[in-house]
Structure formats: C-alpha cells, structure tokens
Amino acid sequence: MITADEGAIELRRHLAATPAQVFAAFAEPRLLTRWLTPTPDVTLTVLQLDFRQGGSYRFAYGHPQHETMIVRGSYRSIERPTKIVFSWIIEPPDRHAGIESEVSVAITPSGSGTELVIRHARLVRADAIERHRGGWGGALDQLPALLAQEGSLHGS
C-alpha cells in the first residue's frame, strides 16, 4: 500500500520475516546492496556506512543509462529492531541535489511476519515525490526475495 500527503510518501508491506531480519536488511551492507535499488538493473555500492545513531552513510547508485547518483545522510535515530530514522540528501549533479529529506522506518511484529512502514518526508518538489515513490516501491518489491533467501540460509 502506498499513501501520499503533501511532501511525503508512505509505503507499507507485510513481510514473511522477523523484525530482526527486516532490520538487518537496512543495517548490513551485504544485504543493502541486494535490495535497496529502484530496479534490479540499478546497482548500489556502499561507499560509507556507520550504522549507529549519529553515524553517516553514503551510497552510489549506478544506472545503465544514467549518471551515477550519490546519496548521503546521517542516522538520527536507531532503535533495534523497530525503528530507523535517517536524512536522505542527493548530491550534485543530480536534478534533486540539495533536497534534505528524511526517511522513517517502522518495523513491527505482525502475525507470523513483520509490518514494514517507510515514510519519506520533506520532499519539497512534486517530481521528487514521484521519483521516490517509484524508487521505494521498486526496492520493496525486491526485499521479500532477499528476506526469503536469507531466512533459508539461516534456517528461519
């Protein structure tokens, strides 16, 4: 499910994984690179990841038909395994460079799985809202397969 209000998008997914597994998908570089892209043909390279409150990250997104996009930010809040809040800043020369938005991730046990809610706020331009709605939607389409594969590797 996707909802939108002025300057924000919110996506919800029920996942067949534990909250700890979903949290790890945001915290571990080897997992992030396998799902946090808008489509499978976009590659994510983790340039920096200091996953702790006050820590920062920097990611490079490589697209076959476009320039590499660099995103950076800092972790404002981390409550293992239920909550992550971080800034999201796209670097020049991208057309959305300089917009300092904020991503809030809520991870809640739900039945035999987990409810994941991602809210991306402070998107001050309509084209940024649409771009990030598509990006997060595509990433969340890839996350269940990663979680299923990781779960089978760890016997959960």
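Which residue's side chain meets that of Arg52 in a salt bridge? Asp50 does, at 3.0 Å from N to O. A salt bridge here is a side-chain nitrogen of Lys or Arg within 4 Å of a carboxyl oxygen of Asp or Glu.

## Ground rules

This is a predicted model, where local features need pLDDT of at least 70, side-chain atom pairs count only at pLDDT 80 or more, and totals for chains, interfaces and linings use all residues. Residues are numbered from 1 along each chain as its sequence is written, and side-chain values use heavy atoms, with hydrogens and water left out.

## Salt bridges

Searching the whole structure turns up 16 salt bridges. Back to the opening pair: Arg52 is partly exposed at 45% relative accessible area, and Asp50 is partly exposed at 28%. For these labels, buried means under 20% relative accessible area, exposed means over 50%, and partly exposed is in between (1.4 Å probe, protein chains only).

Asp94 pairs with Arg131, with the closest N and O atoms 2.6 Å apart. Asp94 sits in the loop between strand 6 (83–90) and strand 7 (100–110) while Arg131 is in helix 3, so this pair ties together parts 37 residues apart in sequence. Helices (H or I, at least four residues) and strands (E, at least two) are DSSP runs, numbered from the N terminus. Asp94 is buried at 18% relative accessible area, whereas Arg131 is partly exposed at 24%.

Then there's Glu10 with Arg119, whose closest N and O atoms are 4.0 Å apart. That pair links distant parts of the chain, with Glu10 in strand 2 (residues 8–15) and Arg119 in strand 8, 109 residues apart. Glu10 is buried at 17%, and Arg119 is partly exposed at 30%. Strand 8 itself covers residues 113–121.

## Around Glu150

Setting aside residues up to four places away in sequence, Glu150 touches Arg30, Leu31 and Arg34, where contact means heavy atoms within 4.5 Å. Salt bridges with shared partners also join Glu28, Arg30, Arg34 and Glu150 into one network.

## The nonpolar core

The largest nonpolar core has 43 residues, and Trp35, Leu116 and Trp136 have the most contacts inside it. Helix 3 supplies the largest share of this core, eight residues. Such a core is a set of buried Ala, Val, Leu, Ile, Met, Phe, Trp, Tyr and Cys residues joined through side-chain atoms within 4.5 Å.

Beyond its neighbours within four places in sequence, Leu116 has contacts including Leu11, Leu15, Val22, Phe26, Ile107, Leu140 and Leu143. Val22 and Phe26 are also among the buried residues of helix 1. That helix (residues 19–27) is mostly covered, with seven of its nine residues buried.

## A hairpin

Strand 3 (residues 43–49) and strand 4 (residues 56–62) run antiparallel and are joined by six bridges; two strands pair if DSSP finds at least two bridges between them. Gln48 stands opposite Arg58 in strand 4. The hairpin has six residues between the strands, and Gly54 takes a positive phi near 90 degrees there.
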